[in-house]
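User: Hi! Could you walk me through this model? I'll ask as I go.

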Amino acid sequence: MESLAEIQEFFDKGYVHYRPNLTVDCAIFGYHEGELKLLLVKNKMITKWCLPGGFVQKVESLDEAAARITLWRTGIGNLFLKQFKTFGNPGRNNPRDAFDEERFYQLTGIELKKDTWLTGERVSVGFYAITDIVTAQPTADFVSSECAWFSIDDLPELGFDHSEMVRDALFAMRIDLYHFPIGKNLLQPKFTLKEVKLLYEVLSGKKLNPTNFPNKLISLGIISRLDEKRNIGAHRSPTYYQFNDEVYEKALIEGLVLV
C-alpha cells in the first residue's frame, strides 16, 4: 500500500478483494559472502520486526500471493518459493502489546472497531524464498518504516508467532536442500568448487566433504566444468564451473538426493 487512501480503502472495503482471515508470510533468506540473512520489515504501527506478508487476494492462488509479496519486498521475481507450513494456533495473531493503536490512529485517522472483516483469528500459510542480497532491493511501503536484512544468527525480537515461523522455515529449507538444488541464483554465473561448497555449507548449517560434495554435483550433472580458470596468483588458478540450466530446472521439479 502506497498511500493513506489505499489504507483506508483496505480497512473499509478490503473484504471485496481479499480473503478474510487468510494471509501468507514469507521467510526470505539472503546469501552474501558466506553469510545467511533474513529479510524483515518494521511496520509503523507494530513495535517489533516481522516477516513480510499480507492477505491473499480472491483472484490469486497461495503461490501467486507469495510471489506477489516477495516481488514487492525484494524487487526480484521468479524466486524459488516453497510452501512449508500453515500456522493457525488460537491467538496467534494477538498483538501481545506489539501493536501501537495510538500510532495507528495518528498515521491513518482510522479508529479501529471490534467488528470488521479484519478481526478474528487468522490462518497464515508460510513460504520461504532464497535470493541474492546484492540483486535484491528491499522495499518499505507507506505503512512500513524499515525493510532490512539481519544475520540469521542475530535476529531481533519478532512479533506475533514469527519466531516460530522463522525456525520452521529454516528447518524446511535445510531439509529441502537434500532434494532440490535451490542455490543457483545465489552464485555468479561462473564459480569455483570452493564457492559452491561454501554456499551449501551456509544454507545447510553443516560442514560438507570438500571432495565428495562437489563430485556429487558434477556426477549428477547439476554443474559443469568450464575451460576457464580464475587467475589469483602462481599455482592458484581454480577452475570455473557453471550450473547446467536444463538439469537444474528438471531437478527443481523432480527432486534428487543432493547432500
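Predicted model: local features only at pLDDT ≥ 70, side-chain atom pairs only at ≥ 80, totals over all residues.

User: Let's start with H4: which of its residues are buried?
Analyst: In H4, the buried residues are His-162, Met-165, Val-166, Asp-168, Ala-169, Leu-170, Ala-172, Met-173 and Asp-176. Buried means under 20% relative accessible area, exposed is over 50% and partly exposed is in between, with a 1.4 Å probe and protein chains only. Helices (H or I, at least four residues) and strands (E, at least two) are DSSP runs, numbered from the N terminus.

User: Thanks. What covers the buried part of H4?
Analyst: The cover includes E1, E2, strand E4 (80–87), strand E5 (123–132) and H5. Contact here is heavy atoms within 4.5 Å.

User: And how far does H4 reach from its first C-alpha to its last?
Analyst: H4 has 15 residues and reaches 21 Å, close to the 21 Å expected at 1.5 Å a residue. The expected span is 1.5 Å times one less than the number of residues.

User: Which residues touch the most other members of the largest nonpolar core?
Analyst: Phe-29, Tyr-128, Met-173, Ile-182 and Tyr-200 do, out of 45 residues in that core. Helix H4 (residues 162–176) gives the largest share, six residues. A nonpolar core is a set of buried Ala, Val, Leu, Ile, Met, Phe, Trp, Tyr and Cys residues joined through side-chain atoms within 4.5 Å.

User: What does Met-173 touch?
Analyst: Leaving out residues up to four places away in sequence, Met-173 touches Phe-29, Leu-36, Tyr-128, Ile-130, Ile-182 and Leu-203. Apart from this core there is another, of 19 residues, including Cys-26, Ala-66, Val-125 and Phe-127.

User: Switching to H5: which elements do its buried residues pack against?
Analyst: They pack against strand E1 (18–32), strand E2 (35–43), H4, helix H6 (212–219) and E8. Among the buried residues of H5 are Lys-197, Tyr-200, Glu-201 and Leu-203. Just after H5, Gly-205 has a positive phi of about 75 degrees.

User: Which non-glycine residues have a positive phi too?
Analyst: Asn-21, at about 70 degrees, is one, and Phe-160, at about 55 degrees, is another. Asn-21 lies in strand E1 and is partly exposed, with a relative accessible area of 29%. Phe-160 sits in the loop between strand E6 (144–151) and H4, and is partly exposed at 23%.

User: What about E8, is it mostly covered or open?
Analyst: Strand E8 (residues 239–243) is mostly covered, with four of its five residues buried. E8 runs antiparallel to strand E7 (residues 223–229), joined by four bridges; strands pair if DSSP finds at least two bridges between them. Ser-224 has Gln-242 in E8 as its bridge partner.

User: Last one: which residues lie nearest the centre of the second largest pocket?
Analyst: Tyr-31, Glu-33, Gly-34, Leu-187 and Glu-195, among 17 lining residues. H5 gives the largest share of the lining, five residues.

Notes
Residues numbered from 1 in each chain as written. Heavy atoms only, no water. 1 Å grid on protein atoms, 1.4 Å probe; cavity = no way out; pocket = protein on both sides within 12 Å on 5 of 7 lines; lining within 4 Å.
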